[in-house]
Amino acid sequence: MTKSPVTRQEWQTVLILSLGFGLVGIDRFLISTMYPTIAKELDLGYGDIGSITGALALAWGVAALIMGNLSDRIGQRRVLVGSLIVFSLLIGGSGLAAGLGGLLLVRVVMGFADGAFTPASIAATVNSSPPERHGRNVGFQQTMLVLFGLGLSPLLVGFLLREGVDWRYIFLIFTIPGLLIAWATWRIIPESPKRDAESSSVSDWLAVLGHRNIWLLMGGMFCWLTCLIITSAFMPSYLVDHLKLSDLQMGSIMSSIGFGAMAGTIILSWLSDLIGRKPVMILGSIGALAGLLLLNQTGASVPTLFAILFMIHFCNNALITMTVGPIATETVPMALMTTASGMVIAAGEILGGGLAPIIGGQVAERFGIDHILWLPIIMMGVGILLCLALKETHPGKARA
């Protein structure tokens, strides 16, 4: 296959969408490292942490479902810019919350904006990329969420908390960068073709659900997001409350999620361009399960915990990226790419992102935080079976 040359429009589009998704990651996960501190000040329990985390994810899923289809109809650029402006303004609003109710309200609205950005940004990246670079470019774009949200922000938060900076002011740091990215998105991202309004959203959703892969991908996202959300939202409390580590040690360990996810997303997504999507999905799900089982048996060793969390999210985030990106968009006709990605994201967010942390919070309240990892372990086992049933979608490998 002759490779298409990388154009200026391609790399600029991928870069700006990557930076935007990095801010989405900060928007979503910045609060996780601050949960132990926020919980003390606002008198929150593990169940409250699960509710806050789940509320954002539920809103994310609903927005992905609705706005994914809308962006196919009105164009992706409008949805991208609008969502960037909203969540950039609201990330500062998280610091104004005086209690559980206020924090829930802000996080729900932020979740709608984040969920609108996600499928539109994936489809815009695919549209700007030739088929032989779908995996690589979407992998690079998606990895910014975890690099910024779970890699760099825990280190920054751990440092600022140690220096005595009030957690409320930490949220305000990221408002202006978000508005600048929104301006750059309007200037750089080309407008996508708009669909004719000959069909309804319901008929689009039904057409997407006619593909068996979509059902398997929705189930897979439930599994992958259960792993991501449980380990990111509850691991800080697990490390501080159960393993008795310091805030700085906790921040260092939590950063491994971001760095592992970044490396795995880039490497495994690129590998899927070479050997196919399905083999990489199977290997990734087995690797994530092995890591979770090891993590459940590991004590308060910072280097060991860092290495195991790195391994888990090296595999798990690549699963997320290929599920919502190359596999979902390659399964359906081009006109339904954003709709398909949005439906897969919605299923995963509502179940894995929304219900899993609420259930996890109740497990931690009733049985102890030390039992929290059994939920992602069980779901990853289910995920392996779903990967085995997938149909290959890589353009060259599927034809072969």
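Predicted model: local features only at pLDDT ≥ 70, side-chain atom pairs only at ≥ 80, totals over all residues.

Me: Why is Gly111 called buried?

Reply: The label buried is given under 20% relative accessible area, and Gly111 has 0% relative accessibility, so Gly111 counts as buried. Gly111 lies in helix α4, and, leaving out residues up to four places away in sequence, Gly111 touches Leu56, Ala59, Trp60 and Ala63.

Me: What makes Ser83 buried, and which residues is Ser83 in contact with, leaving aside its neighbours within four places in sequence?

Reply: Ser83 has a relative accessible area of 5%, which is under 20%, and therefore Ser83 is buried. Ser83 has its place in helix α3, residues 76-93, and, with neighbours within four places in sequence set aside, the contacts of Ser83 are Ala113, Ala116 and Phe117.

Me: Why is Lys244 called exposed, and where is Lys244 found?

Reply: The relative accessible area of Lys244 is 65%, and because the label exposed applies over 50%, Lys244 is exposed. Lys244 is found in the loop between α9 (212-242) and α10, and the phi of Lys244 is near 60°, a positive value in a residue other than glycine.

Me: Why is α10 called oblique to α11?

Reply: Helix α10 (residues 247-275) and α11 pack at an angle of about 140°, with their axes 7 Å apart. Roughly antiparallel would need an angle over 145 degrees, and roughly perpendicular covers 65 to 115, so α10 is oblique to α11. In this contact Leu268, Ser269, Leu271, Ser272, Asp273 and Ile275 of α10 meet Arg277, Pro279 and Val280 of α11, and by class the contact has 5 nonpolar, 2 polar and 2 charged residues.

Me: What makes α4 and α13 oblique to each other?

Reply: The angle between α4 and helix α13 (residues 337-367) is about 140°, and their axes are 9 Å apart. Because that angle falls between 115 and 145 degrees, α4 and α13 are oblique to each other. The crossing of α4 and α13 is right-handed. On the α4 side, Thr118, Pro119, Ala120, Ile122, Ala123, Val126 and Asn127 meet Met337, Thr338, Ser341, Gly342 and Ile345 of α13, and these residues divide into 7 nonpolar, 5 polar and no charged.

Me: Which residues make the contact of α4 with α5?

Reply: Helix α4 (residues 100-127) and helix α5 (residues 134-162) pack at an angle of about 145°, with their axes 9 Å apart. The contact is made by Ser121, Ile122, Thr125 and Val126 of α4 together with His134, Asn137, Val138, Gln141 and Gln142 of α5, and by class it has 3 nonpolar, 6 polar and no charged residues.

Definitions and conventions
Residues numbered from 1 in each chain as written. Heavy atoms only, no water. Axes fitted to C-alpha atoms, helices over the stretch in contact; angles between N-to-C directions. Helix = DSSP H or I, 4+ residues; strand = E, 2+ residues; numbered from the N terminus. Contact = heavy atoms within 4.5 Å. Nonpolar A, V, L, I, M, F, W, Y, C, P; charged D, E, K, R; others polar. Parallel < 35°, antiparallel > 145°, perpendicular 65-115°, else oblique. Buried < 20%, exposed > 50% of the residue type's maximum accessible area, 1.4 Å probe, protein only. Left-handed = near helix turned anticlockwise from the far one by under 90°.
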